[in-house]
Amino acid sequence: MSKPHLTIAEIEACSAVELPERNLYAVAVGAGGLVGVGIAVDHTLNDVLDVNVENNNICVNVAAVAAAAGCDQSQ
Amino acid sequence: MGEALTGTAVPLRPLGVEPEGRLRGSGFEESQWLVRRDRQFVQLDELLYRVVDLADGTRSVDEIARELSASTQWEVAPEDVLLIARARLIPLGLIADPDSLGEAPIARSSPPVLANARLRVLGPQAIDRPARVLQHLYRKPVLVAALAAGAISQLWLFTRGDPNAAIQQVIVQPLSLPLIAALLILAGVFHEFGHATALRYGGGRARAMGAGLYLFIPVFYTDLTDSYRLRRGARIRADLGGLYFHLIAAAAFIGGGAVTGNEFLLVAAFLIDLDIARQLVPFIRLDGYWVLADLTGIPDLFAHARPRLMRYLGRASSDPAPAPLRRGVGRIFAVYIALALPAIAGLIGYMAWHAPTLFSRTAQAVSARVDLVDATVARGDWTSTALAVLEIMLLALPGAALAFFFAVLARGVSRVAWRRMPAASRTTPPEPRRADV
């Protein structure tokens with residue numbers, strides 16, 4: 001049995017898809033953002049609140065907190 | 001070829017174009033085939049692929065037609081081969097253009113327009129050395145042991161660990177948060193090596209590793225384009241390799257935290273778990289997207305969605321009809337597209353809605369840090385200056401990335417609008433069309 005002739009419609013119907021580069025991403029913003037938050041928190045804790053940890057007790061410099069909050073410490 | 005294509009002409013693939021065989025684990029009704037064009041793959045129907053395969057510079061058009069008639073279901077005339085070459089393969093850069101005087105230009109589709117800010121850090125050789133060592137982690141006994149260790153450590157983290165105590169300890173420990181951030185960055189790099197190593201274990205090679213922006217998200221990336229030619233199991237292993245290495249990193253942190261009592265290690269492990277969950281979201285090209293693509297056997301979901309959507313919306317397109325999917329795969333794909341489009345639109349809408357707040361708060365925070373830089377410079381405290389500058393860069397990153405995203409989006413929208421304008425009203429030539437998300 002003879003084969004069917006290839007038609008123009010069949011040629012035009014042939015599909016071709018250009019596949020993109022396959023880059024697998026891992027989100028870095030969480031880690032990067034955390035660096036900023038971490039440094040900012042450390043600044044806040046050390047420079048403003050003046051927190052110290054001694055024998056598992058957290059000591060907060062109340063004067064520093066009051067100053068940061070704009071309280072009048074004389075009262 | 002320096003002569004026009006005729007029956008006696010000898011078609012030739014350009015340098016860098018290589019047939020790579022059948023797409024394995026395909027979700028299409030009929031077999032699909034892959035051709036490597038320089039650094040990119042093109043997926044073809046069998047007829048187009050056969051012509052590319054036979055166009056090796058040793059056969060004339062007449063001979064190619066005879067071989068196609070003998071090996072396919074059709075009777076193919078030389079005129080058919082000429083039409084295939086002229087209408088389909090030369091425009092794709094898969095057959096050299098006989099009318100061009102020099103080397104045939106290779107057409108390239110641009111990288112996804114919203115993911116084109118990338119900085120390559122490691123090349124294939126630099127990646128291959130560690131991957132060669134790390135690939136033992138994919139040997140079955142090691143894999144089973146590592147997954148068991150990962151599962152046990154996670155169970156311990158969520159049953160015996162005390163998250164509140166861990167977070168409280170982290171907050172009051174100076175430098176613990178930057179330490180966690182550093183660990184997460186290391187784990188992210190390890191994640192990328194998980195992909196590259198899995199690819200190597202399956203017989204492929206990663207081409208690059210680096211950092212960049214995907215949409216508006218700062219990311220690490222690994223180029224696993226070589227995995228298109230692998231069997232489905234190897235592709236899925238490469239897709240999941242990053243999560244496997246992340247799980248190993250989390251297990252190491254949990255073990256370290258349990259032994260030493262350093263709670264920040266447990267917090268780092270918990271944050272890795274959140275990263276793993278985020279990676280599985282299939283609506284943008286994170287790991288879950290590629291896992292779904294390979295489970296369904298559709299090499300790239302978005303690349304195959306566009307022509308289908310155009311036809312569904314009744315838009316005239318010069319593109320040929322997309323290759324039909326197997327019935328079950330077609331249903332899954334339709335559900336995926338129905339969910340992905342509103343999800344992506346919702347994400348963009350959410351970011352647009354919150355962008356003014358983000359920009360405003362970023363400006364305030366950066367302004368405060370600039371004042372800090374002034375103060376630290378004035379008193380000669382260079383360590384604090386460096387830290388403040390680092391903070392400024394990190395604080396500005398999300399806002400800058402979002403601004404970049406919207407700029408690229410606006411450019412894409414303006415191009416679409418330009419293409420739809422009546423030709424008479426255009427005053428400048430169009431720029432080349434680029435791929436979508």
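In this predicted model, R37(B) stands opposite Q40(B), a residue of strand 3 of chain B. The two strands concerned are strand 2 (residues 33-37) and strand 3 (residues 40-44) of chain B, which pair in the antiparallel sense over five bridges.

Both strands belong to an open sheet of four strands, ordered 1(A)-3(B)-2(B)-1(B), with antiparallel pairing. Strand 1 (16-19) of chain A and strand 1 (17-22) of chain B are the edge strands, and each pairs on one side only. From one strand to the next, the twist averages 25 degrees. Helix 1 (residues 46-54) of chain B lies across strand 1 of chain A and across strand 1, strand 2 and strand 3 of chain B. The helix runs at about 45 degrees to strand 2 of chain B.

A further open sheet is formed by four strands in the order 2(A)-6(B)-5(B)-4(B), again with antiparallel pairing. Its edges are strand 2 (23-27) of chain A and strand 4 (117-122) of chain B; each has a single partner strand, so one side of each is left without a neighbour in the sheet. Neighbouring strands here are turned by 30 degrees against each other on average, direction ignored. Within this sheet, strand 4 of chain B pairs with strand 5 (residues 208-214) of chain B in the antiparallel sense, over five bridges. L122(B) has M209(B), in strand 5 of chain B, as its bridge partner.

| Strand pair | Sense | Bridges |
|---|---|---|
| Strand 2 (residues 33-37) and strand 3 (residues 40-44) of chain B | antiparallel | five bridges |
| Strand 4 and strand 5 (residues 208-214) of chain B | antiparallel | five bridges |

After helix 11 of chain B comes G314(B), with a positive phi near 75 degrees.

Chain B as a whole has 13 helices and six strands. Of its 437 residues, 37% are buried. Among contacts in chain B between residues at least 6 apart in sequence, 67% join residues at least 24 apart.

Note on methods: Residues numbered from 1 in each chain as written. Chains lettered and ligands numbered in written order. Predicted model: local features only at pLDDT ≥ 70, side-chain atom pairs only at ≥ 80, totals over all residues. Pairing = 2+ DSSP bridges. Axes fitted to C-alpha atoms, helices over the stretch in contact; angles between N-to-C directions. Contact = placed C-beta atoms within 7 Å. Buried ≥ 20, exposed ≤ 12 C-beta atoms within 10 Å, placed from the backbone.
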